Amino acid sequence: MSTPTRRNLGQILVQKGVISETDLRAAIDVAKKSGATRIDQVLVDQGLASEDDVLDARAESLGAERVKLRDVVIDPAVVKLVPPHLLTKHCILPLRKEGSHVIIAMADPTDIIALDDLRMVGVMAKPVLAPRKEIEERLAQFTAPTPQPGARGAAAQVQDEMPLDRKSTRLNS
């Protein structure tokens, strides 16, 4: 049984006609001169490829599924399977369960530290690729602090604690 050959992201973009060989060489030169470690970011920053094109090519290169989070219905119960600190630390978002695995949207599905952290809390992850910005936006819907029932501002609490005769004086002045 042969192992699939992992193709270079730049080669995939050239083959799909997104960029030319010249564009690729120029982006590699910029990456080398600037110390950038990721050619995909250079291609996007230079306007040579869109983030969507790069993500599609990256998914193909990694053999990973690519998801557009705006098209995905997220199961809130599945999000709760992962501790909130791991969601924000690794910028990951659980989407749904498939058997014993949790499908996790990640900006970098090769992030072994994130996958190990998930395993440590009992989550067997199947990573899928999604843009970091989309993950952050959708994650905010699940991690935003919610006010406790009956919670009110400090001024209202102070007002409640005042003796009745001072309340009426304060309200009338």
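The legends below describe close-up views of a predicted model. Residues are numbered from 1 along each chain as its sequence is written, and side-chain values use heavy atoms, with hydrogens and water left out. Because the model is predicted, local features need pLDDT of at least 70 and side-chain atom pairs count only at pLDDT 80 or more, whereas totals for chains, interfaces and linings use all residues.

**View A. The open sheet has three strands in the order E1-E2-E3, with mixed pairing.** Strands are DSSP runs (E, at least two residues) and helices likewise (H or I, at least four), numbered from the N terminus, and two strands pair if DSSP finds at least two bridges between them. Strand E1 (92-98) and strand E3 (124-129) each have a single partner strand, so one side of each edge strand is left without a neighbour in the sheet. The twist averages 30° from one strand to the next, where axes are lines fitted to C-alpha atoms, for helices over the stretch in contact, and angles run from 0 to 180 degrees between N-to-C directions. E1 and strand E2 (residues 101-106) run antiparallel and are joined by six bridges; Glu98 has His101 in E2 as its bridge partner. Helix H8 (residues 132-143) packs on the sheet, touching E1 and E2, and its direction makes about 75° with that of E1; contact means heavy atoms within 4.5 Å.

**View B. Arg66 sits in the loop between helix H4 (51-62) and helix H5 (76-79).** Arg66 counts as buried at 16% relative accessibility (buried is under 20% relative accessible area, exposed over 50%, partly exposed in between; 1.4 Å probe, protein chains only). The Arg66 side chain makes polar contacts with the side chains of Asp52 (2.8 Å) and Asp56 (2.6 Å); a polar contact is a pair of N or O atoms within 3.5 Å, of which, within protein, one must be able to donate a hydrogen and the other to accept it, and residues adjacent in sequence count only if both atoms are side-chain atoms.

**View C. Helix H7 (residues 112-120) has Ala114, Leu115, Asp117 and Leu118 as its buried residues.** Seen down the axis of H7, these residues fall within an arc of 160°, so they line one face of the helix; the arc is that of the directions from the helix axis to the C-beta atoms. They pack against helix H6 (84-90), E1, E2 and E3, while Ile112, Ile113 and Met120 are exposed on the other side. Just after H7, Gly122 takes a positive phi of about 85°.
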